[in-house]
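Student: I have a structure to look at and would like to ask some questions about it.

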Amino acid sequence: MLAALAAIPVLIAVVVRLSAHVPPGRGPVFLDRITQNGMFVAATAMVVAIPLFLPLTVGVVAGDTVAGEAGMGTLRYLLVAPAGRIRLLVVKYLGAVVFCVAATLVIVLAGSAIGALLFPVGPVTLLSGDTVGAGQAEWRLVLVAAYVTVSLAGFAAVGLFISTLTDAPVGAMAATVVLAIASQVLDSLPQLAWLHPWLFSHYWFDFADLLRQPVTWDSFGANAVLQAGYLAVFGALAYGRFASKDVLS
Amino acid sequence: MSPSPGDTGTTGPGPAALAVETHGLVKRFGHQLAVGGIDLAVPQGSVFGFLGPNGSGKTTTIRMLLALAAPTHGAVAVLGQDMPRSFRTVLPRVGALVEGPAFYPFLSGRANLHRLDAADANSPAGTRAARVDAALDRVGLTHAAGKKVRAYSLGMKQRLGIANALLAPRELMVLDEPTNGLDPQGTREVRSLVRSLATEGTTVFVSSHLLAEVEQICTHAGIMRAGLLVAQGTLAELRRDGREQVRVLTPDMARACGVLARLGLVPEIAVSVPTDDDGGLVRAPVPERRGEPADIVAALVADGVRVRGFAVEAGSLEDRFVELTGEGFEVVE
């Protein structure tokens, strides 16, 4: 899955390199700037990956956490070892978060590498108009990766909870991914504006503040608080469900 | 049972300490009663055969012993402590094979055992490699330890499952159908393994639907039927509860029945034994107040019954088992 994520920036970069001319203002954000500066490959890839590819892969990992062990029958042996139910949940969740970190870093690093390979790399003009060097720009990209990881942490907790509900990992994965899509659809309906701040996908694209000089952390903080709320609620639900669950698989 | 050398006596006072004890244990799934109030008593140091047809509640009971499922009613004590409350202190002393082996197919046998051993936060990591190799050696899997479990046969997976139960010195082994999928050679090895565990002082709780298996290795047995424990005790006690039988091999079956009936017995012609030129088998349970068996032969001969064979047999465990669980293949609902 990490290889598939790494393929996104590579695909974008190769396609842009092979096409003679990219009309400005069309396609994903930053796409038209790639030819001038390879630094934008990673940024473009991240924007492309956030709505579907990242929720898809994280949903698969998070949905598989408990249900996958149950489906294979190894859950009963882990519990008899005894792993302890709370400890198992915590370790499984941490594993999913590690995957989130790896997934976003892979996109940034693969994007930077292929960008540097195929395009000139130079100072980047930030959204605030300031220009920073390539090294500083790379650092900003890693900050974006951190932001997206935090964005996915609450979602991963939702997946963990769903995973405790079933012994069929495929069902848990599908349900988790569908929730990510549904949340984004709801977030795009203006009639539901009152609901938007509560949707876990609401701040997914709000990493623009990290691309200004100086960096403002407001959206990072708001996002972190929301995701922590999701983690608390769905972590508690997962614990409530799993602690008393009869393991019959 | 004489106390064995490995018995440290850490789990309870007195010689009659029980390794597993349940009181009124009930498990209900929705409307279905899987286990209907059983009182198991598994003495320490015994090899306890947990018998019953498929679907009689054996595995559900085992899951409750191991804190995988919570009882609907009733109490469970394993190694003298309440379950599932004390799972943290009890389960490290229990090795288990539950409803078949389960492993990660993409890892080797050795890597699987390493992972399962590491799942217990208190298992010493320093001795892990040595313990894993010793367990693999004990089940004869050393040569295949590096192979991916994907490539294992069912019998090899079963052996790996038993190796997992042997990762640490255990006071209680719970083995659910341990010989499933094993060839006759493997079955014999499991039997000798169980015996060697028993001589080391480990209590072994073996579930099985195969009576012969239990009869060969167990000191005690419990028989489940439709969620109820219909009998338990030492094998000798269980056999004694089965009634003795008079068996007469004769060509004059009808006349033999007449004579036996006159003597106050309730004879029947055994349909399971085919009638041929030598005649067939007539059998009858021995009455409570039995006379001298030879008198029965004398009476038969006096009436002109040609007796080719005569025996008074103790009830076999098989008769007892069939008597308690019913004959045939029907899975109890």
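This is a predicted model: local features need pLDDT of at least 70, side-chain atom pairs count only at pLDDT 80 or more; totals for chains, interfaces and linings use all residues.

Tutor: Residues are numbered from 1 along each chain as its sequence is written, chains are lettered from A and ligands numbered from 1 in the order in which they are written, and side-chain values use heavy atoms, with hydrogens and water left out.

Student: Is Leu52(A) buried, partly exposed or exposed?

Tutor: Leu52(A) sits in the loop between helix H2 (39–49) and H3 of chain A. Buried means under 20% relative accessible area, exposed over 50%, and partly exposed in between (1.4 Å probe, protein chains only). Leu52(A) has 41% relative accessibility, so the residue counts as partly exposed.

Student: Which helix gives the most to the nonpolar patch?

Tutor: Helix H3 (53–72) and helix H7 (169–187) of chain A each supply at least two residues of the patch. With three residues, the top contributor is H7(A).

Student: What kind of aromatic pair do Phe200(A) and Trp204(A) form?

Tutor: Rings of Phe, Tyr and Trp (its six-membered ring) pair if their centres lie within 6.5 Å; planes under 30 degrees apart count as stacked, over 60 as edge-to-face and the rest as tilted. For Phe200(A) and Trp204(A), the centres are 5.9 Å apart and the planes make 50°, so the pair is tilted.

Student: Is Trp204(A) buried or exposed?

Tutor: Trp204(A) belongs to a cluster linked by ring pairs, which also includes Tyr230(A). Its relative accessibility is 2%, so Trp204(A) counts as buried.

Conventions: Helices (H or I, at least four residues) and strands (E, at least two) are DSSP runs, numbered from the N terminus.
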